[in-house]
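Me: I would like to learn how to read pockets and packed helices in a protein model. Could you take me through them slowly?

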Amino acid sequence: MNSELQRPVHFSTGTYPRMAVDQAVLTARHASIREPLLGELSFDRIQICPQNPTVINEQFVDKLKEVTWVEWRLHANVRLSPLARVVDACDWQTAQEWFHKIKELNDRLCGATYTLHAGKRINCSLLEVIQNTREIADLLGVRVGLEGHYPTVDDRWLISNWAEYGKLLDSGIDFVVDLSHLNIVAHQSGDRATGLVKEMLESPNCVEIHISDNDGISDQHRRLITPPWWWDTLCEANTVAPIFSEGVV
């Protein structure tokens, strides 16, 4: 593996998962945060994650907007109240008030792309979660990227095998490629499916790429130190989707 990534990799507040959003950004910028494989991370786009305890409300959004040179992207079930709540695309029918609040905040924050996870099979089918994502995108009025998962012993997650990722690609909706999730799919299935991975990365429907490292068993959000199997595929892909590092310090 000798390809180099000729693209900026953007900062995610999930790098400091128990820290307030603004403190995480200040800490990372003060440290000029770098990763062994990626170099210095970019701050012109920042992903705000649910792992941070900050409540995202109108007052906090207005504070973020003062930093005019950053595109802030809300990711998944960011905290809208002090009590954390897991809301995925599969929950659209039962959590519409939550999604309306996300719309209000995202509009106030200048309307960047929003991304969320597919969620649990017990809550809906693959076809339903794809349709839910279309309806969520219609509500928000921005691109909404659906993020798949990875296999577990109890097969709880929607979009967690290569066949389902292929159906996501063919669906025509916007999506996220989380290469750390795909590492688990590859490890558990014994198939790296690099052709499908390249197709997904190069699809015009790919709105974000998430990267971190793991052992192929669980989603550990390790920092990338050595090139994983998908590294050359990412480096060589003709994609304009922004890349976010989700490696935890």
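Reply: What follows goes through the pockets and then the helix pairs.

Reply: This is a predicted model, in which local features need pLDDT of at least 70 and side-chain atom pairs count only at pLDDT 80 or more, while totals for chains, interfaces and linings use all residues. Residues are numbered from 1 along each chain as its sequence is written, and side-chain values use heavy atoms, with hydrogens and water left out.

Me: How should I read a pocket, and what volume does the largest pocket have?

Reply: Rolling a probe the size of a water molecule over the atoms shows where empty space is left. Here a pocket is an open set of points on a 1 Å grid over the protein atoms alone, where a 1.4 Å probe fits and protein lies on both sides within 12 Å along at least five of seven lines, and lining residues have an atom within 4 Å of a point. A volume is the space filled by probe spheres set on the points, which are joined across faces, edges and corners. The largest pocket has a volume of about 330 Å³, and of the 17 residues that line this pocket, Pro50, Gln51, Asn77, His117 and His149 are the closest to its centre.

Me: How do the residues of that lining divide by class?

Reply: Ala, Val, Leu, Ile, Met, Phe, Trp, Tyr, Cys and Pro count as nonpolar, Asp, Glu, Lys and Arg as charged, and the others, Gly among them, as polar. By this scheme the lining of the largest pocket has five nonpolar, seven polar and five charged residues.

Me: Which residues are closest to the centre of the second largest pocket?

Reply: The second largest pocket holds about 220 Å³ of space, and of its 14 lining residues the closest to the centre are Asp22, Val25, Leu26, Val67 and Trp72. The elements that give two or more residues to this lining are α1 (21-30), β4 (42-48) and α2 (58-65), where helices (H or I, at least four residues) and strands (E, at least two) are DSSP runs numbered from the N terminus. The most comes from α1, with five residues, and the lining divides into 10 nonpolar, no polar and four charged.

Me: How do I read two packed helices, and at what angle do α2 and α3 pack?

Reply: Two packed helices are described by the angle between their axes and the distance between the axes. Axes are lines fitted to C-alpha atoms, for helices over the stretch in contact, and angles run from 0 to 180 degrees between N-to-C directions. For α2 and helix α3 (residues 96-108) the angle is about 25 degrees, with the axes 9 Å apart. The two are therefore roughly parallel to each other, since angles under 35 degrees count as roughly parallel, over 145 as roughly antiparallel, 65 to 115 as roughly perpendicular and the rest as oblique.

Me: Which residues make the contact between α3 and α4?

Reply: The axes of α3 and helix α4 (residues 126-140) come within 9 Å and cross at roughly 45 degrees, which makes α3 oblique to α4. The contact (heavy atoms within 4.5 Å) is made by Phe99, His100, Ile102, Lys103 and Asp107 of α3 and Ile136, Leu139 and Leu140 of α4.
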